[in-house]
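Please look over the structure shown here. The briefing covers one chain and its contact with a partner.

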Amino acid sequence: MIGLLASVLDEGASAAIDGRVIVYRVSLFVASLLFLVGLRMLTNPETARRGMQMAVVGMALGVVGTLVHHDIVSYHWIIGGLVVGTVIGIPMGLLIPMTKMPERIALSHAGGGLAVALVGIAEYLAGHPQEHGKFAMGSVTFEIIMGAITFTGSLMAFGKLAELLPGKPMTFPGQNAMNVLLLAGALGLLVVLVLHPHLPVLFYLLVGVSLILGVLLVLPIGGADMPVVICLLNSYAGLAASASGFALDNNVLIICGALDGGSGLILALIMSKAMNRSFANVLFGAFGSDAAAAAGGAGKGGNVREGTPEDAAELLKIAQSVIIVPGYGMAVAQAQHATRDLATALAANGTNVRYAIHPVAGRMPGHMNVLLAEANVPYDQLFELDAINEEFERTDVSIVVGANDVVNPAAKTSPGSPIFGMPILNVDKSKAVIVLKRSMKPGFAGIENELFVLPQTMMVFGDAKQTLGKITAAMKGGGH
Amino acid sequence: MSIDHILAGLYVFSLAAFLGYQIISKVPQLLHTPLMAFTNAISGVSVVASILIAGRKSDTLLIPILGAVAVASATINVVGGFVITDRMLKMFKKKGAAK
């Protein structure tokens, strides 16, 4: 059978081709197809899980097909790596709370970048790309640059998301010039290494420069811009994987890298469009730094109308329609279940409840959707910006749970504001607004929010989870 | 590496990038987090390259060790990525099914 396959696939070439090479190549080919079909099925929540299972089969096939490869002479390092990876990977996947998903995604990008960079370094040490010509050498070098940037950049993003590092942008004079210089240096080293591959000193210098570049590129980027950064790093990881596929002449790597790179790029574009900012502005703008906060003019919260959870409940009892707008604050307070409880109480009262999800609410694409899904909110109650924005003016009460910049009318009204032009949820159009917030502190962008001082707005201060619990209790209590 | 090899690789890359762009544009915002976890898991297919490096004949010990570390980190992504994608996708339910 394999012999027949070999002769079909390799007609004209030597008949002595190793059957195991055929198994290897065919299994990677089938794996690629399964990945594509799986991705296609991921476009619909009904079929998404089956799509993922197809990709799992593809991955298993690819690994098994590779294990029979005739180049492999010893298995102990392979098995060691597979066992360690599985032992760490399974509990990590099972135990990580949904609120920590951005951190986990950032960490996994770091792991992906590291793996690809190490493959490139090992290939260079083994002397393969040097023998295989300029294109292979260029691919390996590019792979290492992207892999190393992804590795340290994602660790930085993780540090900022996990608040091990300050979430505010860290800037110093000449920072952008230095980054551009380092990037130019890395590309210069790439060119020199392609022309003169046998210069290990330059090779190690390139690895070092790329690692430093990853740190420096993420340093000036603030917490609220992390969705874009995570997507871009995702894209870099993909490009690195594709480059390694070119260097190793391995199509499945090229394909998966292209898919990964493409998805990261698309998501980054969606995110930056939802913030009305360019990539350059996100990467070099140091958004949300002290300068921007000062320009916002803090401390004019004079005519804020503050209410108790009981006041909010009174308002909600007579509401016909309610839209809930979750933001990063809901994730921080882990208030997704409390939010769902309030929605259930409202629905029991005959109120029409929907959720409005801004594309950049939270710290990664789809962050709010996952949290609400965890709290058993049916996904047909979740609406995207364009689908629900017209509805606010016909809505009795909007409840803002820990969102800030994505509901700030300044984006529409004040051309001087740093977020001017960003599409926002038109919460200010609804008849009444209840804002759940920890304090009057401005959001991550450091901008005053005039929504909070509108006459129809009631601010309820405190921990979102506790406040929501009190409102729900007050609603039920008053109902009898 | 011959020009044929390079061009064949570029064909594959261009077609995959085009197809990927078309498919991923259709993924709704609802599923963007699972999408990231999923593409992260499948890009862990670099494990196949790492396996070859970890198992190949080598004069130095450094190369298989680098390979083994690469196998481990790619495997964490593959295994962890699939587990977490599945956990997320299990949670997405329509009205009625949620109760």
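The points below take the fold of chain B, then its overall form, then its contact with chain A.

This is a predicted model. Chain B is built from four helices and has zero strands. Its contact with chain A takes 79 residues from chain B and 100 residues from chain A.

**Fold of chain B**
- The order of elements, read from the N terminus, is α-α-α-α.

**Overall form**
- The C-alpha trace of chain B spans about 60 × 35 × 15 Å along its principal axes.
- The radius of gyration of chain B is 19 Å, whereas a compact globule of 99 residues would have one near 13 Å.
- Burial applies to 66% of the 99 residues of chain B.

**Contact with chain A**
- Chain B puts 79 residues into this contact, and chain A puts in 100 residues.
- Which helices of chain B each supply at least two residues of the side that touches chain A? They are α1 (3-25), α2 (32-43), α3 (47-55) and α4 (62-91).
- The largest share of that side of chain B comes from α4(B), with 29 residues.
- By residue class, the side of chain B that touches chain A holds 48 nonpolar, 22 polar and nine charged residues.

Terms used
Residues numbered from 1 in each chain as written. Chains lettered and ligands numbered in written order. Predicted model: local features only at pLDDT ≥ 70, side-chain atom pairs only at ≥ 80, totals over all residues. Contact = placed C-beta atoms within 7 Å. Nonpolar A, V, L, I, M, F, W, Y, C, P; charged D, E, K, R; others polar. Rg over C-alpha atoms; globule rule 2.2 N^0.38 Å. Buried ≥ 20, exposed ≤ 12 C-beta atoms within 10 Å, placed from the backbone.
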